[in-house]
Amino acid sequence: MKNSRKPAVTTIPEELIHEVTLLDLALPDLRGATRRLTDLKGKVVLLDFTTYQNQASPARNIALRELYDKYATRGLEIYQVSFDADEHFWKTSADNLPWICVRDASGSSAQTYRVSALPTYFLIDRGNALYKRSSAIKDADQLEAEIEKLLR
């Protein structure tokens, strides 16, 4: 025991330490540009995980479109992550949507955010901190109320 060394204490310079409140995603959009989730700091973000091949997807996107049209000018952004296997189908389906549409062919973002069912969404506040998960919001009216609260 007396021959064992004490572990060296390493200090990290403070300028290299960055506190994160959100796990970043960097995924390609419809045009192949990488879109980072953390670049949306300063906006209220609805991070939506979905597949466009789901039967409920068109109705869901109509509801999201109503929210987007109502609140985008006040600072709401939607970052929609698709897990569709067919890239052409995804591009065709997402082409007319006004928000950020990205595709995660590997599904790694689902693991990052522990998404176990689709669709699932998260609300992110203006400071890039996770605010609430869809399981904590009971219906569309409560979702809208939570968005209103974050936009104040």
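Start at Asn 128: at 8% relative accessibility, this residue counts as buried. The model is predicted, so treat every stop as a feature of a prediction.

**Stop 1: the E6–E7 loop**

Keep Asn 128 selected. It sits in the loop between E6 and strand E7 (130–133).

**Stop 2: the H3–E6 loop**

Now select Arg 114. This residue lies in the loop between H3 and E6. Its phi is also positive, about 55 degrees, although Arg 114 is not a glycine. Is Arg 114 buried or exposed? Arg 114 is exposed, because its relative accessible area is 69% and the cut-off for exposed is over 50%.

Move along the loop to Pro 119, which is found between helix H3 (108–112) and strand E6 (120–124). Show the backbone from Leu 118 to Pro 119. The peptide bond there is cis, with omega near -5 degrees.

**Stop 3: the largest nonpolar core**

Which residues have the most contacts inside the largest nonpolar core? Select Leu 46, Ala 94, Trp 99, Leu 123, Leu 143 and Ile 147. The core has 22 residues. Colour the elements that give two or more residues to it: strand E3 (44–50), H1, strand E4 (76–82), helix H2 (87–94), E6 and H4. In soluble globular proteins, nonpolar side chains tend to be buried together.

Centre the view on Leu 143. Leaving aside residues up to four places away in sequence, Leu 143 touches Leu 46, Leu 67, Tyr 121, Leu 123 and Ile 137.

Next, select Leu 22, Leu 27, Phe 83 and Ile 124. These belong to a second, separate core of 18 residues.

**Stop 4: the largest pocket**

The largest pocket has a volume of about 260 Å³.

H1 gives the most, with seven residues.

Finish by colouring the lining by class. Eight of its residues are nonpolar, one is polar and six are charged.

Key
Residues are numbered from 1 along each chain as its sequence is written. This is a predicted model: local features need pLDDT of at least 70, side-chain atom pairs count only at pLDDT 80 or more; totals for chains, interfaces and linings use all residues. Side-chain values use heavy atoms; hydrogens and water are left out. On a 1 Å grid over the protein atoms alone, a cavity is a set of points where a 1.4 Å probe fits but cannot get out, and a pocket is an open set with protein on both sides within 12 Å along at least five of seven lines; lining residues have an atom within 4 Å of a point. Grid points are joined across faces, edges and corners, and a volume is the space filled by probe spheres set on the points. Helices (H or I, at least four residues) and strands (E, at least two) are DSSP runs, numbered from the N terminus. Ala, Val, Leu, Ile, Met, Phe, Trp, Tyr, Cys and Pro count as nonpolar, Asp, Glu, Lys and Arg as charged, and the others, Gly among them, as polar. Buried means under 20% relative accessible area, exposed over 50%, partly exposed in between (1.4 Å probe, protein chains only). A nonpolar core is a set of buried Ala, Val, Leu, Ile, Met, Phe, Trp, Tyr and Cys residues joined through side-chain atoms within 4.5 Å. Contact means heavy atoms within 4.5 Å.
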